[in-house]
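Hi everyone, thanks for making time. I'd like to walk you through some side chains and a couple of backbone angles, so let's get the structure up on the screen.

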Amino acid sequence: MNILVTGGTGFVGKKLGFNLVKNGYKVFTLVRDKKKKPILPYPCTFLDWNDLSDIINNKKIEIHSVVNLAGEPVAQRWNDKIKREILNSRVDTTNRLVKIFKNSDLKSFISSSAIGYYGDRDDEKLTEESESGSGFLTRVCVEWERAALKIKEESPKTKCVILRLGMVLGEGEGALAQMVPPFQAGVGGMIGDGKMWVSWIHVEDLVNMIGWAIENDSVKGVYNAVSPNPVTNKEFSEKLAARFNKKLFLPVPKLAVKVLFGEMSQVVFASQKVQSEKASEQGFTYKYSTVSEALKSTVESLDAFEKKVIFEQWLPISKERLFPYFQDEKNLEELTPPWLNFKVLNKSTDQIQKGTIVNYQLKLYGIPFGWQTEILDMQKNKSFIDNQVKGPYSKWHHTHDFIALGEGTLVKDTIRYKVPMSGLGKTFAGPKVDNDVKKIFKYRSEKILDVIKGLS
């Protein structure tokens, strides 16, 4: 089955694409310019928006389902221009899709919305039958859903599913990316009195719900895509602090949030006790039904000065061909940006294996450093772990995973690192180091595309 995804390069879209491919679907991802192919953790065919109408009308590709996730991020300081972009990126995109698939054989049209539809409702239990609220975000959701529902008129054979998303929890991305740092540092607190209700969903449950909607003909209409157990902001904050063995710090004054986010603060303050019985009654099973379970799987208990980042890239080559390239330490020179002046000096064994010590040299900001790492574990064609013994970081622990996906391999790099001088180093050097790490792996991601041409 062929699935067309809008927003396939975003937080949820990347997880969805991976899940769909893993389950045997072929994914087509809409982009503004297919010449600028983004780096994604799943294989897909990029389609240009400008070509889509011709492709569908002339049946060059048969699309069975559309998953519409596109939209300008809401979590930013609003002004008139940003608000127009938030609204238009959802409504105009949905209207355009509906027009393109008019009178088509499309099986299902699945469109995201948000629980912002309900507005601020205090302790009221909210179901799919509850009326809409008020405010800018409510207006966006109402118009967004109205646009999606037009597919039932324009393409009678197509079922329409609307998923009203709560706060999506996922490792290193989404809402948690902004929330974790203060709690990790021990200065995270609830908002105001913490009584507002937070309705959330684990990203894995969300992508499973989308797959469930694609596969089941009986799933149609509006669904609240939230966990069965909403929590108050105070409880959520306490659970998040506990992941770092911390207590709640002082409450964050609402005035401070208003000053920082302006009008967008209404989203932070909104109390939404949203129920999800409809999905459960129709047979959907949640993997993460409590916030403790969700946070345990998405927030690692790092110390206050430690950073964890994940880089993922799908490559059209088998892991059996790819793994030996990464196993050869000399190839790291080819994959490292020239400005690091990175050189491999020697290693303690003829071949890289568990226990091997490797010595390198490099320059950071023009200062020469020696770097020594130990291979802590190696599983052929699956993974290996290197750990800094001596070097410029207080900690550098790097796990390389090679995961078969489709007709290729997902390469997943998980790095845990700390800069020297604890809090002082993190405050002054941390942002620069974080940016450098991103640049290093961006270079690697681009360089490996050239390398694999010779490996295929």
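Okay, let's start with the rings: there are 18 aromatic pairs in this structure. Bear in mind that this is a predicted model. When we talk about a pair of aromatic rings, we give the distance of the centres and the angle of the planes.

Take W78 and F136. Their centres sit 5.0 Å apart, with 70° between the planes, and that pair is edge-to-face.

Now have a look at Y393 and W396. Here the ring centres are 4.7 Å apart and the planes meet at 40°, so we call this pair tilted. The cut-offs behind that are under 30 degrees for stacked and over 60 for edge-to-face, so 40° lands with the rest. Y393 and W396 are both buried. They also belong to a cluster: ring pairs join them up with F342, Y360, W371 and Y417.

Next up, charges over rings. Which ring does the charged end of R90 sit over? That's W144, with the charged end 5.1 Å from the ring centre. There's another case at Y117, where R164 lies over the face of the ring, 3.6 Å from its centre.

Last topic, the backbone. Most residues other than glycine have a negative phi. With that in mind, look at D122: not a glycine, yet its phi is positive, about 55°. You'll find D122 in the loop between β5 (108-114) and β6 (125-126). Its relative accessible area is 54%, so D122 is exposed.

N381 is another residue other than glycine with a positive phi, near 65°. Where is N381 found? In the loop between β18 (367-379) and β19 (383-390). And is N381 buried or exposed? Its relative accessible area is 15%, and buried means under 20%, so N381 is buried.

Definitions and conventions
Residues numbered from 1 in each chain as written. Predicted model: local features only at pLDDT ≥ 70, side-chain atom pairs only at ≥ 80, totals over all residues. Heavy atoms only, no water. Phe/Tyr/Trp six-rings, centres within 6.5 Å; stacked < 30°, edge-to-face > 60°. Buried < 20%, exposed > 50% of the residue type's maximum accessible area, 1.4 Å probe, protein only. Lys NZ or Arg CZ within 6 Å of the ring centre and 35° of its normal. Helix = DSSP H or I, 4+ residues; strand = E, 2+ residues; numbered from the N terminus.
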